[in-house]
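Here is a briefing on one protein model. Please look over the sequence and the fold, then read the points below.

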Amino acid sequence: MGLTLAEKIIKKHLVVGKIFPGEEITIKLDQCLLQDATGTMAWLEFEAIGAKRVKPKFCMQYIDHNLLQVDNKNMDDHLFLMSITSKFGANISLPGNGISHHIHKERFTKPGQTLIGCDSHTSTSGGSGMIAIGVGGLDVAVGMATGNFSFVMPEVMGIKLTGKLRPWCTAKDIILEILKKIGIDGGEKKILEYYGEGIKTLSVSQRSTIANMGAETGATTSVFPSDENTKEFFRSEDRVKDYVKLEADKDAGYSEI
């Protein structure tokens with residue numbers, strides 16, 4: 001039996017364990033994402049660990065949540081985040097640049113890479129063919145300090161999309177329909193992996209919308225293949241060099257469809 005796309009990416013990054021559902025595994029991290037509402041505490045935890053520098057190749061701190069300037073507290077957080085990212089080798093997106101997941105999709109997603117972020121909607125990057133998991137701040141702190149992330153290997157649920165969207169329907173209607181079918185906890189301990197002819201009609205932005213709201217099912221993350229639509233999106237963002245074609249094996253075995 002072949003591998004799902006999620007299993008392929010995880011296998012490539014596997015450090016400890018086997019990719020069997022229920023097994024505790026450790027994977028190597030390519031990226032970490034933080035935002036200012038939860039990232040401030042994550043950096044304090046990272047500092048307490050005592051690491052000298054972030055281990056993953058790319059760590060990005062966004063300031064996009066707490067922008068209200070009614071007193072000094074948010075601005076003090078922003079100054080702290082600017083200084084600590086500089087000290088430990090991370091990058092920072094300053095206030096006004098835009099929403100973290102949207103910027104990350106446009107500028108930093110890379111098919112086949114792994115990402116954890118201290119925000120539940122980190123899974124947005126799954127629309128670009130990444131394994132992107134929203135976790136707690138301490139998980140991100142440990143991930144930045146060690147370069148690894150440990151978790152229980154989820155089952156991979158296949159979601160087969162056929163046909164195309166009808167007029168006046170949007171990508172959000174797809175994930176709302178999935179929520180209606182499996183419920184707000186139907187994705188727990190699972191990765192939602194999309195495949196089928198229907199995905200060829202969806203742009204990366206539409207796929208990212210679906211991947212974003214996969215968090216509302218309780219799923220570990222969601223992932224789409226990286227195909228010609230992905231390549232076209234990367235070309236439009238002037239970073240086609242980051243494109244890699246990725247898809248599940250034809251005989252991939254899903255826990256359910």
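G117 stands opposite G134 in β7. This is a predicted model, where local features need pLDDT of at least 70, side-chain atom pairs count only at pLDDT 80 or more, and totals for chains, interfaces and linings use all residues. Residues are numbered from 1 along each chain as its sequence is written, and side-chain values use heavy atoms, with hydrogens and water left out. Helices (H or I, at least four residues) and strands (E, at least two) are DSSP runs, numbered from the N terminus.

**Strand β6 and its partners**

- β6 and strand β7 (residues 131–134) run parallel, joined by 4 bridges. Two strands pair if DSSP finds at least two bridges between them.
- β3 also runs parallel to β6, with 3 bridges between them. Here L33 stands opposite G117 of β6.
- T114 and I116 point one way from β6, L115 and G117 point the other way, and all are buried. Buried means under 20% relative accessible area, exposed over 50%, and partly exposed in between, with a 1.4 Å probe and protein chains only.
- In general, strands of a sheet pair through backbone hydrogen bonds, either parallel or antiparallel.

**The open sheet**

- Three strands form an open sheet in the order β9-β10-β11, with parallel pairing. β9 (155–160) and β11 (221–223) stand at the edges with a single partner strand each, so one side of each has no neighbour in the sheet. From one strand to the next, the twist averages 25°.
- Strand β10 (residues 190–195) pairs with β11 in the parallel sense over 3 bridges. L192 has S222 of β11 as its bridge partner.
- Helix α1 (residues 5–13) lies across β9, β10 and β11 and runs at about 120° to β10. Axes are lines fitted to C-alpha atoms, for helices over the stretch in contact, and angles run from 0 to 180 degrees between N-to-C directions.

**Helix α5**

- Which residues of helix α5 (residues 137–146) are buried? They are G137, V140, A141, G143, M144 and A145.
- The cover over these buried residues includes β3 (31–35), α2 (36–49), β4 (58–62), β6 (114–117) and β8 (148–152).
- G147 follows α5 and has a positive phi, near 80°.

**Packing of α2 with α5**

- The axes of α2 and α5 come within 8 Å and cross at roughly 45°. The two helices are therefore oblique to each other. Angles under 35 degrees count as roughly parallel, over 145 as roughly antiparallel, 65 to 115 as roughly perpendicular and the rest as oblique.
- α2 passes α5 in a right-handed crossing. A crossing is left-handed if the near helix is turned anticlockwise from the far one by less than a right angle, and right-handed if clockwise.
- A42, W43, E45, F46 and I49 of α2 make the contact with G137, L138, A141, V142, M144 and A145 of α5. Contact means heavy atoms within 4.5 Å.
- By class, this contact of α2 with α5 has 9 nonpolar, 1 polar and 1 charged residues. Ala, Val, Leu, Ile, Met, Phe, Trp, Tyr, Cys and Pro count as nonpolar, Asp, Glu, Lys and Arg as charged, and the others, Gly among them, as polar.

**Packing of α2 with α3**

- α2 and helix α3 (residues 73–88) pack at an angle of about 45°, with axes 10 Å apart. That makes α2 oblique to α3.
- The α2 and α3 crossing is left-handed. Contact residues include D36, W43 and E47 of α2 and D77, F80 and T85 of α3.
- By class, the contact of α2 with α3 has 7 nonpolar, 4 polar and 4 charged residues.
- T85 of helix α3 counts as buried, at 1% relative accessibility. Beyond residues up to four places away in sequence, T85 touches W43, Q61, A90, N91 and I92.

- P21 lies in the loop between β1 (14–16) and β2 (24–28). Its relative accessible area is 51%, so P21 is exposed.
- Leaving aside neighbours within four places in sequence, P21 is in contact with M153, P154 and E155.
- How far apart are P21 and K190 in space, C-alpha to C-alpha? The distance is 8.9 Å, while in sequence P21 and K190 are 169 residues apart.
- K190 is in strand β10 and counts as buried at 15% relative accessibility.
- Leaving aside neighbours within four places in sequence, the contacts of K190 are P154, E155, M157, A219, T220, T221 and E256.
- K190 and S255 are 65 residues apart in sequence and 9.1 Å apart in space, C-alpha to C-alpha.
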